[in-house]
Protein chains: 2
Amino acid sequence: MQLSDLFTARMREAAPPLWGPGDANGPDRIALAFGDADPTMFPHKDLIDAVAEVLATDIDGALNYGPTYPGLVRVAAERLRQRGISATEQNTLICYGSSQIIGLLPQVLIDPGDTIIVEAPTFLGAVMQFRRSGARLVGVPVDAEGMDVDALETTLAELRAAGVRPKIIYTIPTFQNPTGVTMSLERRRRLLDLAITYGVLVVEDDAYSDLRFRGDAVAPIAALDTAGWVIHLRTFSKIFAPGVRLGWASGPQALIDRLAMCKVEGGSGPLMTRVVAQFAQDGRLDTHIADLRTHYGEKCDLMLAAITREIPTATTVRPDGGFFVWLRLPPGISATALVPVAAQHGVDVLAGPRCFADGSGDEYVRLAFSYIPAAQIGEGVARLGAAIRSLALARL
Amino acid sequence: MQLSDLFTARMREAAPPLWGPGDANGPDRIALAFGDADPTMFPHKDLIDAVAEVLATDIDGALNYGPTYPGLVRVAAERLRQRGISATEQNTLICYGSSQIIGLLPQVLIDPGDTIIVEAPTFLGAVMQFRRSGARLVGVPVDAEGMDVDALETTLAELRAAGVRPKIIYTIPTFQNPTGVTMSLERRRRLLDLAITYGVLVVEDDAYSDLRFRGDAVAPIAALDTAGWVIHLRTFSKIFAPGVRLGWASGPQALIDRLAMCKVEGGSGPLMTRVVAQFAQDGRLDTHIADLRTHYGEKCDLMLAAITREIPTATTVRPDGGFFVWLRLPPGISATALVPVAAQHGVDVLAGPRCFADGSGDEYVRLAFSYIPAAQIGEGVARLGAAIRSLALARL
């Protein structure tokens, strides 16, 4: 008899963990591939102060067994209500990062073979999580106004004609990962109408909306929803620090209840939930977010200027916020071929196909301006430009 | 169309989350029901120092995206090797508390209707987790030497005769929750032999073994295992603080790999894993554990003396470590009837049936000496004694 006999059928085939240490930026290279936060902006002293304050006032609550701190649930729900989303403490769930929520959603909704509609391109972590669940992923194109809702309608109609009711429409409507574009209000309304008409859950991943550099906020899809077809995801990763691993979801109560059931470890840590809530008090978090907006906006503009200067034949859509610039490469340049050449030139970028569920998009790369120091941005883009020119030259 | 149409069959029926704020000790009552740690023993200053040290030396690693800190994996594996378990950094997985591991194990191993063998009585959280997975739970009695391995053999033979190969034997061999008893070495060997013979995974939950007040350590079952049929679970909850939510598992690589796959959120927090590793350096953790042993040992003895004094007709097995005393009530007293009467008398205890998969055990209550101040133990047991006498009187 073997131990492996005991595994469920689904578990017979091993697959590597979704998130591992292998997929990092290279050493001594300028790191534009991944959307890590800028470590120089982490509120170092405020964090230590918040830990000390929490332990001074509630050491038993913070360090013993117990649920997610209700005070953080209040903070989370209040941040949603400020955007017009009718969130309550009951239908708001704190998780270990919004990636945990993206990982749990298929456990509630997906049987193998079920269909999930994603943007093309989209967040590569979501693609990995959804694919792992056995879902079939169908992509809908994104243009400068966000997901193409005409194409979405066509896709929904075709799926219905084929007898398929998709389970999820996954969208990042604001400062989309990877394109940086923001979906217009009109499209948001139309997407919601289509979701309701076709009976599909909208998963609105709103990781970046707090980091707006310019322009006016657009209402979240969840704020337009009165029928209960949207779950809205947020995270403290971009506005405080990824390392605290805290995000939240709010949406239909029956769905939130089931996500909480699937979160087998229970709450999300009495200590860190108190520390983040402490930091969010007294306006410290909002002051910090204002600083981040300025900082990331300057870095974004530096990157756009460098692209214009160094890679004039590439095209981008100027983002109004977020972490990323999505670069359409000069004609004839393959992202897959470019990435190793760029690494040789001392810069890491993400190949477009990593962001498409169907592996297309080889004419794109994603550049993160979030992580590296502002002073390195020009040099990073210059190295990418040199890599592109060397690749073009090699093709002659 | 309704949102609930989208839920998988398994998710149609809602159930409350496993761990919620509802199941706490009552206000103004002496809290003997749950095994919370003693908050006066939390290493308050060391924890703040560790946070400051980590942020001073590795703020990017601690607060950005990233895996579980490899340094903590080293600490965890080394602590197992010190007990003779041949753990490596590859087959050691850090999770959000060992309760997360207990929650993930069924995802790898259990199809609805599969059988899990548990001790009778056992840890109520494990019963809840296993039952949620759709497993059928079969209890094997525990006596003063731990799980009755003769009864285990009979159970395994009967199940085999019925065509059932159980998936898991779940045991807490050292300072068992709730009985406090420790399985003898001979029984550990026999349990392992039976597991190998019948092809069943042993889940050895070793939450308490560091907290030995007296007597000599007994080898973990995992240290006896050369065939790869044991997964060993440990936790920082009892030796540092439950609120950091960190535990670990080590066992067969194929199983560890699959648990990591099911841990959809990835690592277990770059910040807290570094903070706990920092605290474990330089002998701080071991010094702290030595203090805890003395402290909890004194509290245990206070409780045993109070029981002898206040409830002389109850019987217990004297624990050599851990958090609990398991009390066999005087003849004719029902734990289920006693719990509300005890609450009226100002003391919370756990009714025995909460710890039995089949709901039996109404002649027992579990008393935790871990949480409350030493000075309250005598009064808590006295209140319980008064509650027992008032219940006995009411039956006359």
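**Sheet in chain B**

I looked up a sheet in chain B of this predicted model. Three strands form an open sheet there, in the order 10-13-12, and the pairing is antiparallel. Strands here are DSSP runs (E, at least two residues), and helices are H or I runs of at least four, both numbered from the N terminus. Two strands count as paired if DSSP finds at least two bridges between them.

Which strands stand at the edges? Strand 10 (324–328) and strand 12 (350–351) of chain B do, each with a single partner strand, so one side of each has no neighbour in the sheet. I then checked how strand 12 of chain B is held. Two bridges join strand 12 to strand 13 (residues 364–368) of chain B, and the two run antiparallel. Leu350(B) stands opposite Arg366(B) in strand 13 of chain B.

**Ground rules**

I noted that residues are numbered from 1 along each chain as its sequence is written, while chains are lettered from A and ligands numbered from 1 in the order written. Local features need pLDDT of at least 70 and side-chain atom pairs count only at pLDDT 80 or more, while totals for chains, interfaces and linings use all residues.

**Chain A against chain B**

I turned to the contact of the chains (residues touch if their C-beta atoms, placed from the backbone, lie within 7 Å). The contact takes 68 residues from chain A and 68 residues from chain B. Helix 1 (44–63), helix 3 (98–109), helix 8 (253–262) and helix 9 (270–280) of chain A each supply at least two residues of the side that touches chain B. Helix 1 of chain A gives the most, with 10 residues.

How are the two copies related? A rotation of 180 degrees with 0.0 Å of shift along its axis superposes chain A on chain B, at RMSD 0.0 Å. The copies are thus related as by a two-fold rotation axis. Of the residues of chain A, Ile48(A) comes closest to the axis, at 3.6 Å (C-alpha). I also found that 100% of the interface residues of chain A are interface residues in chain B, so the copies meet through the same surface.

**Two helices in chain A**

Last, I looked at helix 2 and helix 9 of chain A. Gly71(A), Leu72(A) and Val75(A) in helix 2 meet Thr273(A), Val276(A), Ala277(A) and Ala280(A) in helix 9.

Note on methods
Least-squares fit on C-alpha atoms with pLDDT ≥ 70 in both.
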